[in-house]
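The following paragraphs lead a new reader through a single protein chain.

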Amino acid sequence: MAVLEIVKVGSELLRQQTETVPKVTKKIVGLIADMIETMYAADGVGLAAPQVGILLKIIVVDVGEGPFALINPRIIKAEGEEIDVEGCLSVPGKQGYVRRAAKVWVDALDEKGKNVRIEAQELLARALQHEIDHLNGVLYIDLLEEEIPDNGVKGV
Ligand SMILES: [Zn+2]
C-alpha cells in the first residue's frame, strides 16, 4: 500500500468527468487500498479517485464506522435538505456551509464487485454527495452558501 499525492484545487484533474469501472480487478482493489491509506494519512473521512489523479468512478469513505469503497456510485434517491459545514482534502485551509440532501440512497458495486445499496443520513449522506460530486468534476466550493475560517471539520 502507498500514500498517494492528493491533487489540489486549480488542477484540471479535479474538473474532469470520470470513467465507469468496467470490472473490479486486482489493480482496482489495490488502488482502493492506497486511497484508504491516503485518506487516513490526510485525516479525512472520504476520498474520490480524481483527488489522487485517477479519473475513475471510485470513492472511499470512513465516517467512524470503518472504511469502505463504492465503485460506480450513483444517487438513486434523495430526500430533505440540510446545511452544514464541509471541507475538502483538495481545498486545504478552507471550509464552508453547503446545502445537501439530508438523506440519500446510493447504488454501487462494492470491492468484491457485488451490487450494494447504501441508505445514508447525516455525515455519511454529506460525504457521499461530496465524493460523488468529485466524480463529476464538481467541488464543494462551487456550491458554497458561505465560506468560514477552517475550524477543524475533517475534509472529504
Ligand atoms: Zn473533496
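In helix 2 of this predicted model, the buried residues are Leu124, Ala125, Arg126, Ala127, Leu128, Gln129, His130, Glu131, Ile132 and His134. Helix 2 is thus mostly covered, with 10 of its 13 residues buried. From its first C-alpha to its last, helix 2 reaches 19 Å, close to the 18 Å expected at 1.5 Å a residue. One of the buried residues of helix 2, leucine 128, is in contact with Val61, Val104, Val106 and Ala120, once its neighbours within four places in sequence are left aside.

The largest nonpolar core has 34 residues, and Met35, Ile59, Val60 and Leu128 touch the most other members. The elements that contribute two or more residues to this core are helix 1, strand 1, strand 2, strand 3, strand 6 (103–109) and helix 2 (122–134).

Helix 1 comprises the 16 residues 26–41, which should span 22 Å at 1.5 Å a residue; the end C-alpha atoms of helix 1 are 23 Å apart, which agrees. Which residues of helix 1 are buried? They are Ile28, Leu31, Ile32, Met35, Thr38 and Met39. Seen down the axis of helix 1, these buried residues fall within an arc of 125°, so they line one face of the helix. The face of helix 1 turned away from the buried side carries the exposed residues Lys26, Gly30 and Ala41. The cover over the buried residues of helix 1 includes strand 1 (46–48), strand 2 (58–61) and strand 3 (68–79).

Helix 1 is followed by aspartate 43, which lies in the loop between helix 1 and strand 1. Although aspartate 43 is not a glycine, it has a positive phi of about 60°. Is aspartate 43 buried or exposed? Aspartate 43 counts as exposed because it has 10 other C-beta atoms within 10 Å, and the limit for an exposed residue is 12 or fewer.

By contrast, proline 73 and arginine 15, which are 58 residues apart along the chain, have C-alpha atoms separated by 18 Å.

The next pair of strands forms a hairpin. Strand 4 (residues 82–88) and strand 5 (residues 91–100) pair in the antiparallel sense over 6 bridges, and the hairpin joins strand 4 to strand 5 through 2 residues. Within this pairing, isoleucine 83 stands opposite arginine 99 in strand 5. Valine 85 lies in strand 4 and counts as partly exposed, with 15 C-beta neighbours inside 10 Å. Apart from residues up to four places away in sequence, valine 85 touches Gln95, Gly96, Tyr97, Ile148 and Val153. Valine 85 and isoleucine 32 are 53 residues apart in sequence, and their C-alpha atoms are 26 Å apart in space.

The chain can now be considered as a whole. How many helices and strands does the protein chain have? It has 2 helices and 8 strands, which run from the N terminus in the order α-β-β-β-β-β-β-β-α-β. The C-alpha atoms fill a box of roughly 40 × 35 × 30 Å along the principal axes. With 156 residues, a compact globule would have a radius of gyration near 15 Å, and the 14 Å of the protein chain agrees with this. Buried residues make up 35% of the 156 residues. Of the contacts with a separation of 6 or more, 70% are between residues 24 or more positions apart.

Conventions:
Residues are numbered from 1 along each chain as its sequence is written. This is a predicted model: local features need pLDDT of at least 70, side-chain atom pairs count only at pLDDT 80 or more; totals for chains, interfaces and linings use all residues. Helices (H or I, at least four residues) and strands (E, at least two) are DSSP runs, numbered from the N terminus. The radius of gyration is taken over C-alpha atoms; the globule rule is 2.2 Å times the number of residues to the power 0.38. A residue is buried if 20 or more other C-beta atoms lie within 10 Å of its own, exposed if 12 or fewer, and partly exposed in between; C-beta atoms are placed from the backbone. Two residues are in contact if their C-beta atoms, placed from the backbone, lie within 7 Å. The expected span of a helix is 1.5 Å times one less than its number of residues. The arc is that of the directions from the helix axis to the C-beta atoms. Two strands pair if DSSP finds at least two bridges between them. A nonpolar core is a set of buried Ala, Val, Leu, Ile, Met, Phe, Trp, Tyr and Cys residues joined through C-beta atoms within 7 Å.
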